[in-house]
Amino acid sequence: MKSIWMRLALIFMAVSASGILISTILSLKEMDYHFSLYLSDVNQKHKQDLVSLLQEEYKKEHGWENGSMLKLEAASLLLGQQITLYDRDGQFIRTFEETKSAAFSNLSEDMIPITDQGELLGYIGIRYDNAGVISLEEHFQIAHTNAMQWTMLALLLIVCLVSIFTAKRFAKPIVMMSDAAMDVSKGNLAVRVVVPRGKDELSSLVETFNQLIQSLQNQEDLRKRLTSDIAHELRTPLNTLLAQTEGMIDGIWEATPEHLEATRSEVLRLIRIVSDLDQVIQAEAGALSISRDAVDLSKVVASTLDAMNTVFQQKEISLTSSIHPASWIVGDEQRLAQVFSNLLTNSLKHTSKGGEVMVSVINKGEFIEVNVTDNGRGISHKDLPFVFERFYRGDRSRNRESGGIGLGLTIVKGIVEAHQGEVQINSNEGKGTTVTVSFPARKE
């Protein structure tokens, strides 16, 4: 099986080599075309110069004498051409470069008339010795072709080396992610992939991969904590019930109304935990049962405040409100009351004596916003992203009575989202917390 870098290298090589070959072929074709035009122009210029030369000699000597012959012989040697002179009647006079006549025997003769002011003086026939000595122009053409071929070979070699290097470098993060994924599948969540330099899609993919592993590690930590918390939460009341029941059986703990009430409280605590877990599971599965009634959110909040006002007074915490009247939404009144009850309970638990809790309901037209603000201990920056996780408690040293079991905000989030709403938390450790819940306003 070919590795990914090898396949990438082969693709780069194929594309680059195709481009180089096509460019080389087109360049050679273009060179041949223009070189042919150049030779044609040069030959035409030689013919014109030769005709002009013969015209001048004919005028001087009043005929085809020795001067013309010497000029033609020199031209034949210089140009490497067989030149034949004819008179005005086309009668043969003399051929120059006769020693190479065999080389010209199969070539057609180019007959050129020689005139002077419209008077025909004679003809010259020219044959080109292409099988003889290579001309300077042909040397140039051969040198150009060879240079193009060597350049093509050098470029192909460079392309192969660069393709292999680039493919390996490009594929390295992908291979590392593949190896890391194998480690993760074996349970090693501490592995990370080095992010490549640069801000491109590949570095973004590696960063996202690392974030995914970090998220899995966080989820694994939460799972372990969840298992431990569920065991602890259920073990405490069950142990209490077991002790009380064994005490009654052994006769060392009388079944008085007070003792039975204590047993009942532990049973209710178990029921509450199981009920909260059931709500969380339904919310996360999107199966939470929600009524679709017209609900005045202002009245729901005001009713919850009245129900909890006594508890706040007992702890000497100020509970104030600013409620916009007639803030209508579509939803389940009982579920909504549970949301605000949980939020107020959290503020009560985490706000010290003499503190303040402020609740506001604001009608913003498109949606209704409810803010619950306290000046309690706040939430640390590292804990804030996980407050909606099941059983999450940032301060592990808090007891269950003050800290709860970590399901309240999870339930709040599930109920709010079931109403197509949103919930956000802003907090500064040591200064307080603001929970903002918004719901779509009911359309008239």
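Is A75 buried or exposed? A75 is buried, with a relative accessible area of 13%. The cut-offs are these: buried is under 20% relative accessible area, exposed is over 50%, and partly exposed lies in between, with a 1.4 Å probe and protein chains only.

**Ground rules**

This is a predicted model, in which local features need pLDDT of at least 70, side-chain atom pairs count only at pLDDT 80 or more, and totals for chains, interfaces and linings use all residues. Residues are numbered from 1 along each chain as its sequence is written, and side-chain values use heavy atoms, with hydrogens and water left out.

**Stop 1: A75**

Select A75. It sits in helix α2. Helices (H or I, at least four residues) and strands (E, at least two) are DSSP runs, numbered from the N terminus. Now show the contacts of A75, meaning heavy atoms within 4.5 Å. Leaving aside residues up to four places away in sequence, A75 touches L50, G80 and I83.

**Stop 2**

Select strand β1, residues 81-87. Six of its seven residues are buried. Look for T84, which stands opposite T95 in β2. β1 and β2 form a hairpin with four residues between them. In the turn, G90 has a positive phi of about 85°.

**Stop 2: salt bridges**

Side chains of opposite charge can pair when their charged atoms come close. The criterion here is a side-chain nitrogen of Lys or Arg within 4 Å of a carboxyl oxygen of Asp or Glu. How many salt bridges does a search of the whole structure find? It finds eight. Visit three of them.

- Select K45 and D49. Their closest N and O atoms are 3.0 Å apart. Both residues lie in helix α1 (residues 4-61), four residues apart, about one turn of the helix. K45 is partly exposed at 43% relative accessible area, and D49 is partly exposed at 39%.
- Select K59 and D116. Their side chains meet in a salt bridge at 3.5 Å, N to O. This pair links distant parts of the chain: K59 is in helix α1 and D116 is in strand β3 (residues 110-116), 57 residues apart. K59 is partly exposed, at 47% relative accessibility.
- Select K382 and D383. The closest N and O atoms of this salt bridge are 3.5 Å apart. D383 counts as buried at 9% relative accessibility, whereas K382 is exposed at 58%.

**Stop 3: the nonpolar cores**

In soluble globular proteins, nonpolar side chains tend to be buried together. A nonpolar core here is a set of buried Ala, Val, Leu, Ile, Met, Phe, Trp, Tyr and Cys residues joined through side-chain atoms within 4.5 Å.

Which residues touch the most other members of the largest nonpolar core? Select F340, L343 and L344: they do so, in a core of 38 residues. Several elements each supply at least two residues of this core, including α6 (257-284), α7 (297-314), α8 (333-350), β8 (356-363) and β9 (367-374). Center on F340. Not counting residues up to four places away in sequence, F340 touches L297, V300, V301, T304, V370 and F439.

**Stop 4: two positive phi angles**

Most residues other than glycine have a negative phi, and most peptide bonds are trans. Select H62. It is not a glycine, yet its phi is positive, about 55°. H62 is found in the loop between α1 and α2 (66-79), and is exposed at 70% relative accessible area. Then select Q420, another non-glycine, with a positive phi of about 60°. Q420 is in the loop between α10 and β10, and is exposed at 54%.

**Stop 5: confidence**

Color by pLDDT, the predictor's confidence in each residue, from 0 to 100. The protein chain averages 81, and 88% of the residues score at least 70. Select residues 99-106. Here the pLDDT is below 50, and the stretch has 11 contacts in the model beyond near neighbours in sequence. Finish with residues 396-403. Their pLDDT is also below 50, with 17 contacts beyond near neighbours in sequence.

Notes:
Two strands pair if DSSP finds at least two bridges between them.
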